[in-house]
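Dear colleague,

I am passing a structure on to you, and I would be grateful if you could look it over before reading my notes below.

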Amino acid sequence: FDPAKVTVFFILGGPGAGKGTQCARLVQDFGFSHLSAGDLLRAEQVREGSEYGELIRTCIREGTIVPSEVTVNLLKNAMAAAIAEDHEGEGWTEGRGRFLIDGFPRKLDQAEMFEVEICPASLILFFDTTEEVMLARLLERGKTSGREDDNVESIKKRFRTYKEQTMPVIELYEKYNKVAQIDSTASIEEVHKHASAAVMKVLA
Ligand code: UP5
Ligand code: MG
């Protein structure tokens, strides 16, 4: 697909900050395609015949980052599929070339690989709150999510990886003035208002 015809927003923030929740709301407003790197990895993990199943399971449980080639390829394929589907339908609609890439890039080499192999991101939406809030949200979700990483041990490891590897990505994009930082401590509705305003500014 033609990278000139897509607009990419990276959605970052710690585990449980509300990335997925806010993406779902932005999809309703702006017709983005929402691709969660974590969801794509979880699907690949259980795909019959995948050579990465065990590797992905271990990384997710340990809160470490799956090798970048695996994730970038999954994203690339999912983007191509979303675009192909779009062309099969009513034709190119303006909103559909827009992607929310959720929970990615989690470390510097992933950011570089994505920008070289696919396209640069227009905006980084950074959902920020405290570890205390994130822990409480994840433990609550863990009662029903079935996610293998929604337990205290895995959550602690995810926090560490986030601080050590993902924060530098956010800091890098801050240097380029590409980050919209949003306090995600407030209610879903309140956070959505701010996120929506930040998106509108870029799409205008
Ligand atoms: N909730 C949300 N917003 C709320 C609000 N404002 N007020 C009150 N409650 C709120 O939300 C979490 C919970 O909080 C939900 O129950 C929600 O209702 C509530 P959610 O929107 O799911 O938060 P999110 O930030 O998406 O949390 P998630 O757990 O998905 O974040 P992670 O970044 O940890 O998970 P992800 O799926 O992205 O990655 C999982 C693992 O995959 C990683 O640890 C890593 O091992 C691997 N991975 C890679 O290796 N590479 C990648 O590129 C991506 C992932
Ligand atoms: Mg998520």
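What follows is a short account of what was found in it.

This is a predicted model, in which local features need pLDDT of at least 70 and side-chain atom pairs count only at pLDDT 80 or more, while totals for chains, interfaces and linings use all residues. Residues are numbered from 1 along each chain as its sequence is written, and chains are lettered from A and ligands numbered from 1 in the order in which they are written.

The chain holds 8 helices and 5 strands, these being DSSP runs numbered from the N terminus (helices H or I of at least four residues, strands E of at least two). Read from the N terminus, the order is β-α-β-α-α-α-β-α-β-α-α-β-α.

Of the 204 residues, 32% are buried, that is, with 20 or more other C-beta atoms, placed from the backbone, within 10 Å of their own.

Strand β1 (residues 7-13) has 6 of its 7 residues buried, so it is largely enclosed by the rest of the structure. β1 pairs in the parallel sense with strand β3 (residues 98-102) over 5 bridges, and likewise in the parallel sense with strand β4 (residues 123-128) over 5 bridges, where pairing requires that DSSP find at least two bridges between two strands.

With best regards

How values were computed. A residue is buried if 20 or more other C-beta atoms lie within 10 Å of its own, exposed if 12 or fewer, and partly exposed in between; C-beta atoms are placed from the backbone.
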